[in-house]
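Here's a quick briefing to read alongside the model on your screen.

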Amino acid sequence: MIRLAIQKSGRLSEDSLSLIRECGIGFLSSTFKLKTEATNFPLEILFLRDDDIPGYVQDGVADLGIVGQNVLVEAGLMPLEVEPLGFSKCRLSLAVPRGQAYDSVNDLQGKNIATSYPQLLGSYLAERGVQAHLHTISGSVEIAPSIGLADAICDIVSSGSTLLGNGLREVETVFRSEAVLIANQNLSAEKQELLDQLRFRMQAVRRARR
Ligand code: PRT
Ligand code: ZN
(Lines give C-alpha, C1' and ligand atoms only; values in the text may rest on other atoms or scores of the structure.)
(Ligands and ions follow the chains in the order given, each with its own letter.)
Protein backbone atom coordinates (compact mmCIF):
# COMPACT_ATOMS: atom_id res chain seq x y z
CA MET A 1 0.00 0.00 0.00
CA ILE A 2 1.36 3.45 -0.99
CA ARG A 3 0.12 6.72 0.56
CA LEU A 4 -0.54 9.78 -1.62
CA ALA A 5 -1.26 13.19 -0.06
CA ILE A 6 -3.38 15.65 -2.03
CA GLN A 7 -4.91 19.03 -1.18
CA LYS A 8 -8.11 18.68 0.83
CA SER A 9 -9.92 21.67 -0.58
CA GLY A 10 -8.50 24.26 -2.93
CA ARG A 11 -7.32 24.92 -6.44
CA LEU A 12 -5.38 21.64 -6.74
CA SER A 13 -8.05 19.31 -5.32
CA GLU A 14 -10.34 18.68 -8.28
CA ASP A 15 -7.56 18.22 -10.86
CA SER A 16 -5.62 15.93 -8.51
CA LEU A 17 -8.66 13.68 -8.05
CA SER A 18 -9.44 13.72 -11.81
CA LEU A 19 -5.87 12.67 -12.59
CA ILE A 20 -6.10 9.71 -10.18
CA ARG A 21 -9.44 8.68 -11.75
CA GLU A 22 -8.04 9.01 -15.27
CA CYS A 23 -5.22 6.69 -14.20
CA GLY A 24 -7.96 4.07 -13.84
CA ILE A 25 -7.91 4.16 -10.05
CA GLY A 26 -11.31 3.98 -8.35
CA PHE A 27 -12.14 5.22 -4.85
CA LEU A 28 -15.19 6.26 -2.89
CA SER A 29 -15.42 10.05 -2.95
CA SER A 30 -15.10 11.34 0.54
CA THR A 31 -15.72 15.03 0.94
CA PHE A 32 -15.55 15.03 4.73
CA LYS A 33 -12.89 12.40 5.37
CA LEU A 34 -9.19 12.74 6.08
CA LYS A 35 -8.33 9.68 3.98
CA THR A 36 -9.74 7.12 1.58
CA GLU A 37 -8.58 3.85 0.03
CA ALA A 38 -8.56 3.01 -3.66
CA THR A 39 -10.70 0.06 -4.69
CA ASN A 40 -8.48 -1.39 -7.43
CA PHE A 41 -4.91 -0.24 -6.66
CA PRO A 42 -2.91 -0.49 -3.40
CA LEU A 43 -3.25 3.25 -2.79
CA GLU A 44 -4.39 5.31 0.18
CA ILE A 45 -5.23 8.99 -0.40
CA LEU A 46 -4.71 11.53 2.41
CA PHE A 47 -6.41 14.95 2.25
CA LEU A 48 -4.25 17.77 3.68
CA ARG A 49 -3.51 21.51 3.52
CA ASP A 50 -1.21 22.01 0.54
CA ASP A 51 1.47 23.71 2.67
CA ASP A 52 1.82 20.58 4.83
CA ILE A 53 2.30 18.15 1.92
CA PRO A 54 6.05 18.64 1.16
CA GLY A 55 7.03 18.21 4.83
CA TYR A 56 4.88 15.10 5.27
CA VAL A 57 6.41 13.51 2.16
CA GLN A 58 9.92 14.46 3.27
CA ASP A 59 9.26 12.84 6.69
CA GLY A 60 7.60 9.76 5.18
CA VAL A 61 4.18 10.35 6.78
CA ALA A 62 3.03 10.21 3.15
CA ASP A 63 5.01 8.43 0.41
CA LEU A 64 3.80 10.66 -2.42
CA GLY A 65 2.15 14.05 -2.81
CA ILE A 66 0.68 16.42 -5.37
CA VAL A 67 1.56 20.06 -4.75
CA GLY A 68 2.31 23.32 -6.56
CA GLN A 69 5.99 23.73 -7.45
CA ASN A 70 5.79 27.18 -5.84
CA VAL A 71 5.03 25.60 -2.44
CA LEU A 72 7.67 22.88 -2.93
CA VAL A 73 10.47 25.29 -3.84
CA GLU A 74 9.50 27.78 -1.13
CA ALA A 75 9.82 24.93 1.37
CA GLY A 76 13.33 24.18 -0.01
CA LEU A 77 12.36 20.60 -0.93
CA MET A 78 12.95 20.60 -4.73
CA PRO A 79 14.70 17.19 -4.70
CA LEU A 80 11.35 15.50 -3.92
CA GLU A 81 9.93 16.35 -7.37
CA VAL A 82 9.52 13.32 -9.65
CA GLU A 83 6.98 14.32 -12.33
CA PRO A 84 5.45 17.55 -13.68
CA LEU A 85 1.67 17.17 -13.99
CA GLY A 86 0.72 20.02 -16.33
CA PHE A 87 -2.17 21.53 -14.37
CA SER A 88 -2.58 24.46 -11.93
CA LYS A 89 -0.20 26.51 -14.03
CA CYS A 90 0.50 29.93 -12.58
CA ARG A 91 3.37 32.33 -11.99
CA LEU A 92 4.84 34.14 -9.01
CA SER A 93 5.12 37.78 -10.07
CA LEU A 94 6.18 41.16 -8.80
CA ALA A 95 3.58 43.92 -9.14
CA VAL A 96 3.55 47.65 -8.39
CA PRO A 97 0.73 50.24 -8.17
CA ARG A 98 -0.42 51.06 -11.71
CA GLY A 99 0.53 54.75 -11.51
CA GLN A 100 4.02 54.06 -10.20
CA ALA A 101 6.95 54.40 -12.62
CA TYR A 102 8.89 51.17 -13.13
CA ASP A 103 11.82 50.49 -15.46
CA SER A 104 13.63 47.50 -14.02
CA VAL A 105 14.00 45.36 -10.93
CA ASN A 106 16.65 47.85 -9.72
CA ASP A 107 13.78 50.25 -8.96
CA LEU A 108 12.90 47.95 -6.04
CA GLN A 109 16.18 48.70 -4.27
CA GLY A 110 15.39 49.64 -0.63
CA LYS A 111 11.64 49.24 -1.16
CA ASN A 112 9.10 47.37 1.01
CA ILE A 113 7.70 44.28 -0.69
CA ALA A 114 4.86 42.14 0.71
CA THR A 115 4.80 38.43 -0.16
CA SER A 116 3.96 34.93 1.05
CA TYR A 117 7.07 33.63 -0.78
CA PRO A 118 10.10 35.19 0.97
CA GLN A 119 12.51 32.41 -0.10
CA LEU A 120 11.67 32.47 -3.81
CA LEU A 121 11.57 36.27 -3.91
CA GLY A 122 14.68 36.62 -1.74
CA SER A 123 16.81 34.48 -4.05
CA TYR A 124 15.41 36.21 -7.17
CA LEU A 125 16.37 39.64 -5.79
CA ALA A 126 19.74 38.45 -4.45
CA GLU A 127 20.69 37.06 -7.90
CA ARG A 128 20.04 40.53 -9.31
CA GLY A 129 21.86 42.39 -6.55
CA VAL A 130 18.68 44.08 -5.27
CA GLN A 131 18.26 44.63 -1.54
CA ALA A 132 14.67 45.18 -0.43
CA HIS A 133 12.68 44.81 2.79
CA LEU A 134 10.50 41.71 2.52
CA HIS A 135 7.32 41.58 4.62
CA THR A 136 5.99 38.05 4.87
CA ILE A 137 2.20 37.92 5.07
CA SER A 138 0.12 34.80 4.60
CA GLY A 139 -2.89 36.16 2.72
CA SER A 140 -4.46 39.18 0.97
CA VAL A 141 -1.04 40.26 -0.25
CA GLU A 142 -2.61 42.28 -3.07
CA ILE A 143 -4.11 44.87 -0.70
CA ALA A 144 -0.75 45.70 0.97
CA PRO A 145 0.14 48.69 -1.29
CA SER A 146 -3.28 50.35 -0.93
CA ILE A 147 -3.09 50.26 2.88
CA GLY A 148 0.45 51.63 2.88
CA LEU A 149 2.08 48.40 4.02
CA ALA A 150 4.30 47.96 0.95
CA ASP A 151 5.56 49.63 -2.25
CA ALA A 152 5.25 46.42 -4.26
CA ILE A 153 3.99 42.86 -3.88
CA CYS A 154 5.06 39.42 -5.04
CA ASP A 155 2.18 36.96 -5.38
CA ILE A 156 0.73 34.13 -7.45
CA VAL A 157 -0.98 35.25 -10.66
CA SER A 158 -3.02 33.25 -13.15
CA SER A 159 -5.52 35.40 -15.11
CA GLY A 160 -4.22 38.69 -13.71
CA SER A 161 -7.68 39.92 -12.72
CA THR A 162 -6.86 40.11 -8.97
CA LEU A 163 -3.94 42.46 -9.71
CA LEU A 164 -6.08 44.53 -12.05
CA GLY A 165 -8.89 44.78 -9.51
CA ASN A 166 -6.45 46.08 -6.91
CA GLY A 167 -4.88 48.72 -9.15
CA LEU A 168 -1.63 46.78 -9.57
CA ARG A 169 0.57 46.14 -12.63
CA GLU A 170 2.59 42.96 -13.12
CA VAL A 171 6.22 43.91 -13.78
CA GLU A 172 8.40 40.78 -13.37
CA THR A 173 7.91 37.02 -13.41
CA VAL A 174 9.85 35.54 -10.49
CA PHE A 175 8.91 31.87 -10.95
CA ARG A 176 6.69 29.71 -13.21
CA SER A 177 4.79 26.92 -11.51
CA GLU A 178 2.58 23.92 -12.14
CA ALA A 179 1.40 20.96 -10.07
CA VAL A 180 4.04 18.26 -9.56
CA LEU A 181 4.15 14.73 -8.18
CA ILE A 182 6.61 14.44 -5.28
CA ALA A 183 7.96 11.33 -3.57
CA ASN A 184 9.80 10.41 -0.41
CA GLN A 185 13.44 9.65 -1.19
CA ASN A 186 13.70 6.42 0.82
CA LEU A 187 10.83 4.36 -0.58
CA SER A 188 10.93 0.58 -0.11
CA ALA A 189 11.40 -1.53 -3.26
CA GLU A 190 7.67 -2.38 -3.29
CA LYS A 191 6.63 1.26 -2.98
CA GLN A 192 9.13 2.30 -5.65
CA GLU A 193 7.49 -0.26 -7.97
CA LEU A 194 4.04 1.21 -7.23
CA LEU A 195 5.40 4.74 -7.86
CA ASP A 196 6.80 3.61 -11.23
CA GLN A 197 3.38 2.18 -12.18
CA LEU A 198 1.65 5.42 -11.15
CA ARG A 199 4.11 7.60 -13.07
CA PHE A 200 3.69 5.43 -16.15
CA ARG A 201 -0.09 5.87 -15.99
CA MET A 202 0.17 9.63 -15.32
CA GLN A 203 2.46 10.08 -18.33
CA ALA A 204 -0.03 8.16 -20.49
CA VAL A 205 -2.89 10.41 -19.26
CA ARG A 206 -0.89 13.54 -20.13
CA ARG A 207 -0.03 12.21 -23.61
CA ALA A 208 -3.71 11.38 -24.22
CA ARG A 209 -4.78 14.89 -23.17
CA ARG A 210 -2.47 16.64 -25.64
O1 PRT B 1 -6.08 25.63 2.22
P2 PRT B 1 -4.78 25.33 1.56
O3 PRT B 1 -3.59 25.86 2.33
O4 PRT B 1 -4.66 23.89 1.19
O5 PRT B 1 -4.83 26.12 0.14
P6 PRT B 1 -4.26 27.54 -0.31
O7 PRT B 1 -5.31 28.57 -0.13
O8 PRT B 1 -2.90 27.79 0.28
O9 PRT B 1 -3.96 27.29 -1.86
P10 PRT B 1 -4.90 27.44 -3.17
O11 PRT B 1 -5.92 26.38 -3.18
O12 PRT B 1 -5.35 28.87 -3.34
O13 PRT B 1 -3.78 27.19 -4.29
C14 PRT B 1 -3.12 25.96 -4.38
C15 PRT B 1 -2.09 26.04 -5.50
O16 PRT B 1 -2.75 26.34 -6.75
C17 PRT B 1 -1.07 27.17 -5.38
O18 PRT B 1 0.01 26.84 -4.51
C19 PRT B 1 -0.59 27.32 -6.82
O20 PRT B 1 0.40 26.34 -7.13
C21 PRT B 1 -1.84 26.99 -7.65
N22 PRT B 1 -2.52 28.17 -8.23
C23 PRT B 1 -2.87 28.28 -9.54
C24 PRT B 1 -2.91 29.30 -7.61
C25 PRT B 1 -3.52 30.11 -8.56
N26 PRT B 1 -3.49 29.44 -9.76
C27 PRT B 1 -4.06 31.39 -8.18
N28 PRT B 1 -4.58 32.12 -9.02
N29 PRT B 1 -2.81 29.71 -6.31
C30 PRT B 1 -3.33 30.89 -5.94
N31 PRT B 1 -3.94 31.74 -6.80
C32 PRT B 1 -4.50 33.02 -6.21
C33 PRT B 1 -3.42 34.10 -5.98
O34 PRT B 1 -2.83 33.94 -4.70
C35 PRT B 1 -4.22 35.40 -6.07
O36 PRT B 1 -4.86 35.68 -4.84
O37 PRT B 1 -5.44 33.61 -7.05
C38 PRT B 1 -5.28 35.02 -7.09
C39 PRT B 1 -4.80 35.46 -8.46
O40 PRT B 1 -5.57 34.85 -9.47
P41 PRT B 1 -5.91 35.67 -10.80
O42 PRT B 1 -6.57 34.68 -11.70
O43 PRT B 1 -6.83 36.78 -10.41
O44 PRT B 1 -4.61 36.17 -11.38
ZN1 ZN C 1 -1.93 26.64 1.47
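**The big picture**

The protein has 6 helices and 11 strands, where helices (H or I, at least four residues) and strands (E, at least two) are DSSP runs numbered from the N terminus. Keep in mind that this is a predicted model: local features need pLDDT of at least 70, side-chain atom pairs count only at pLDDT 80 or more, and totals for chains, interfaces and linings use all residues. Residues are numbered from 1 along each chain as its sequence is written, while chains are lettered from A and ligands numbered from 1 in the order in which they are written.

**Overall build**

- The C-alpha trace spans about 60 × 35 × 30 Å along its principal axes.
- Out of 210 residues, 31% count as buried; that label takes 20 or more other C-beta atoms within 10 Å of a residue's own, with exposed meaning 12 or fewer, partly exposed in between, and C-beta atoms placed from the backbone.
- Take the contacts between residues at least 6 apart in sequence, and 64% of them join residues at least 24 apart; a contact here is two C-beta atoms, placed from the backbone, within 7 Å.

- Where they meet, 8 residues of domain 1 are in contact with 8 residues of domain 2.
- On the domain 1 side of that meeting, α3 gives the most, with 4 residues.
- That side of domain 1 divides into 1 nonpolar, 5 polar and 2 charged residues. In this count, Ala, Val, Leu, Ile, Met, Phe, Trp, Tyr, Cys and Pro are nonpolar, Asp, Glu, Lys and Arg are charged, and the others, Gly among them, are polar.

**Around ligand 1**

- Ligand 1 is surrounded by 21 residues, the closest being Gly 10, Gly 68, Cys 90, Ser 159 and Thr 162; a residue qualifies if its C-beta atom, placed from the backbone, lies within 6 Å.
- Two or more shell residues come from each of α3 (69–74), β9 (152–157) and α5 (161–165).
- β9 supplies the largest share of the shell, 3 residues.
- By type, the shell has 5 nonpolar, 11 polar and 5 charged residues.
- Ligand 1 lies between domain 1 and domain 2, because both give residues to its shell.

**The six-stranded sheet**

- An open sheet of 6 strands runs in the order β2-β3-β1-β4-β11-β5, with mixed pairing; strands pair if DSSP finds at least two bridges between them.
- At the edges sit β2 (35–37) and β5 (81–84), each pairing on one side only.
- From one strand to the next, the twist averages 25°.
- Strands β1 (residues 2–7) and β4 (residues 64–68) run parallel and are joined by 2 bridges, and Ala 5 stands opposite Gly 65 in β4.
- Helix α1 (residues 13–22) lies across β1, β4 and β11 (179–183), running at about 145° to β1; axes are lines fitted to C-alpha atoms, for helices over the stretch in contact, and angles run from 0 to 180 degrees between N-to-C directions.

- Leu 48 lies in strand β3 (residues 43–48) and is partly exposed, with 19 other C-beta atoms within 10 Å.
- Leaving out residues up to four places away in sequence, Leu 48 touches Ala 5, Gln 7, Lys 8, Ile 53 and Tyr 56.

Conventions: Domain bounds come from an automatic or database domain assignment.
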